[in-house]
Every structure is written in structure tokens, then in C-alpha cells.
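Morning, everyone. Let me put the model on the screen, and then we'll go through it.

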Amino acid sequence: MGLIFFVSSVPGDQLPGHFWDKLVHLLVYAGLGVLFLVPLADARLSGVTVKAAATAVLLSVLDGVFDEVHQSFTPGRSPDARDLFADALGAALGVAGVWLLSAIVTRLRGRS
């Protein structure tokens, strides 16, 4: 969250222009969703529940909202609903990936 806040503080005219920012939002928030999920699941794949996953996504989206508001105070930057959508989608995909991994590992352990 600190890194996201720092990057959001960079004025728009100082940002590199050779990347698709929606992909960056998606990837960064996928990572943030997973990082929120780790403590919510007690750092165990077996701890990944619907409640933990939903909470991780919700916390990530709330941070995305905060990030967009913060950008409104940064010169050359502005809030963008499409960025927030990319944040939410990224968080959901990151958490879903861990949830899928959890289901696979649980199933494989059940076969042993």
C-alpha cells in the first residue's frame, strides 16, 4: 500500500508514457489482494475461505478508492473509474488464483 501511495504521488508529467496503465493496475492489485489474503487465511492454503477471499478483495478495492482520491490531489493526475475497475478485477483475479490453488492442493492431499 505504501508503494502504491508513493507512485500515486508522482506528478503526471513525470510518469513514463510507454505502458498500459490498466494492466499495471490489474497486476499491482492482484498482488495486493494476495497480500491481504495471506493474513486473513492465517498464511495457510486451507485457511482460504469465501469470507477471507471476499474480505481481501474488499480491502483491495477500498485501497483502490483511496488511491483514486489521493490522485485527485496530485498535479497532472486525476481519479479514473476505469482504474478502479482494473484494481477490483486484479484483486479478484489474484485472490481467485490463490483460491484455485487452495482447492487443487486440498484435492491432491485428499487423494494421498
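**Aromatic rings and a helix crossing**

Phe 66 is partly exposed, at 47% relative accessible area; buried means under 20%, exposed over 50%, partly exposed in between, with a 1.4 Å probe and protein chains only. Phe 5 is partly exposed too, at 37%.

A word on the source. This is a predicted model, where local features need pLDDT of at least 70, side-chain atom pairs count only at pLDDT 80 or more, and totals for chains, interfaces and linings use all residues. Numbering runs from 1 along each chain as its sequence is written, and side-chain values use heavy atoms, leaving out hydrogens and water.

Back to the rings. The structure holds one aromatic pair. Pairing takes Phe, Tyr or Trp rings (the six-membered one for Trp) with centres within 6.5 Å; planes under 30 degrees apart are stacked, over 60 edge-to-face, the rest tilted. The centres of Phe 5 and Phe 66 are 6.1 Å apart and their planes are at 15 degrees, so the pair is stacked. Phe 5 lies in helix H1 (residues 2–8) and Phe 66 in helix H3 (residues 50–71), so the pair ties together parts 61 residues apart in sequence. Helices here are DSSP runs of H or I, at least four residues, numbered from the N terminus.

Now the crossing. Axes of H2 (residues 21–40) and H4 (residues 81–111) come within 6 Å, at roughly 45 degrees. Axes are lines fitted to C-alpha atoms over the stretch in contact, with angles from 0 to 180 degrees between N-to-C directions. H2 and H4 are therefore oblique: under 35 degrees is roughly parallel, over 145 roughly antiparallel, 65 to 115 roughly perpendicular, the rest oblique.

Note on methods. Helices (H or I, at least four residues) and strands (E, at least two) are DSSP runs, numbered from the N terminus.
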